[in-house]
Structure formats: structure tokens, C-alpha cells
Amino acid sequence: MACGSTYLWRGETSWFCCGSAWGPCSSAGGGACGGCQSSSNHGAWPNASANCWDITRPDLCGENIPRRGCGAVMNVKHQCTGATVCITIKDCGPRTKDWCGELTCCNGTCRSNRVLDLTPAAFSKIGSLSSGKLPVWIYE
């Protein structure tokens with residue numbers, strides 16, 4: 001599936017480790033969908049399944065995020081630089097409910113609530129891993 005340009009969601013993204021050791025990551029599991037690799041452009045979505053939703057609960061932060069399952073392709077755009085990366089959903093996450101109200105800002109514009117996790121390979125294509133979080137727009 002191609003990486004699209006239809007608006008899906010916006011919010012914060014952070015990064016996580018999965019699969020074989022790579023960059024700052026030690027070896028970790030392959031994600032809820034299997035096959036997740038820190039070295040690939042993969043991501044975790046908080047509504048990848050009903051079980052995933054029960055863990056992440058973005059609705060508790062006011063985010064009624066649509067379901068997109070394993071293998072969904074998303075185009076993630078840094079809000080301020082315009083840098084983009086095309087990812088494939090390979091895991092469930094982040095636990096949005098743990099960061100309700102958290103803000104990430106650039107150029108005076110902020111996004112709230114973690115709605116996406118990227119592998120380090122994907123995150124580093126649009127921002128610095130040392131920042132930890134980025135404000136993003138998500139398209140499909």
C-alpha cells in the first residue's frame with residue numbers, strides 16, 4: 001500500500017525499540033503484529049485492535065482515534081520542519097492514557113497526547129532521537 005496524503009490524525013509521537021538490537025536499542029520483542037524492527041520504518045498505533053485499545057485508552061485523553069490494524073501504512077509529517085516518513089504499523093501503542101495533556105511544541109504551535117510511536121529508524125528520519133517527542137500530522 002502506498003503512503004497517502006489523506007489526513008488521519010495529529011498529536012505527539014515518541015520512539016520505542018523492537019526486534020533486533022539497533023542504534024540505541026537492545027534486542028526487544030517483535031511487537032503485537034510481529035516483525036517489528038528498530039532498524040525499519042515501523043510504528044505502533046493505539047487502536048491497532050480492540051485488545052490494543054483496552055491497553056492504550058486514548059479516549060481517556062479525548063482522542064477517539066480510528067482503528068488501523070497491523071500492516072496499515074501511514075505518512076508521518078513533522079509539524080514544523082515538514083520532514084516526512086512512511087511507516088507500517090507493527091505494534092500496539094503508545095499508552096496514550098499515561099500522557100494525557102502532555103504537550104510538544106515547535107515554532108509556538110503545540111500538539112498534545114502521544115498518539116503514535118515510531119521505531120528509532122523512522123523517528124530519526126523526521127527529528128532527533130534526543131528530543132524524545134515530536135509534534136506530527138499523520139496521513140494515510
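**Hairpin and salt bridges**

Me: Which residue of β6 is the bridge partner of Leu 103?
Reply: The model is predicted: local features need pLDDT of at least 70, side-chain atom pairs count only at pLDDT 80 or more, and totals for chains, interfaces and linings use all residues. Residues are numbered from 1 along each chain as its sequence is written, and side-chain values use heavy atoms, with hydrogens and water left out. Helices (H or I, at least four residues) and strands (E, at least two) are DSSP runs numbered from the N terminus. In β6, Leu 103 has as its bridge partner Ser 112.

Me: Over how many bridges do β5 and β6 pair?
Reply: Two strands count as paired if DSSP finds at least two bridges between them. Strand β5 covers residues 103-106 and strand β6 residues 109-112. Their pairing is antiparallel, and the number of bridges is four.

Me: Which residue in the turn of the hairpin has a positive phi?
Reply: The hairpin is formed by β5 and β6, with two residues between them. A positive phi of about 50° is found in the turn at Asn 107.

Me: How many salt bridges does the structure hold?
Reply: A salt bridge is a side-chain nitrogen of Lys or Arg within 4 Å of a carboxyl oxygen of Asp or Glu. One of them joins Arg 57 to Asp 59, with the closest N and O atoms 2.7 Å apart. The structure's total is five.

Me: Is Arg 114 buried or exposed?
Reply: Buried means under 20% relative accessible area, exposed over 50%, and partly exposed in between (1.4 Å probe, protein chains only). The relative accessible area of Arg 114 is 14%, so this residue counts as buried.

Me: How many residues apart in sequence are the parts tied together by Arg 114 and Glu 102?
Reply: These two residues form a salt bridge, their closest N and O atoms being 2.7 Å apart. Arg 114 lies in strand β7 (residues 114-118), while Glu 102 is in the loop between β4 (84-92) and β5. The pair therefore ties together parts whose separation in sequence is 12 residues.

Me: Which residue joins Glu 102 and Arg 114 in one network?
Reply: Glu 102 also forms a salt bridge in which the closest N and O atoms are 3.6 Å apart, and its partner there is Lys 133. That partner lies in strand β8 (residues 133-139), 31 residues from Glu 102. Salt bridges with shared partners make one network of Glu 102, Arg 114 and Lys 133.
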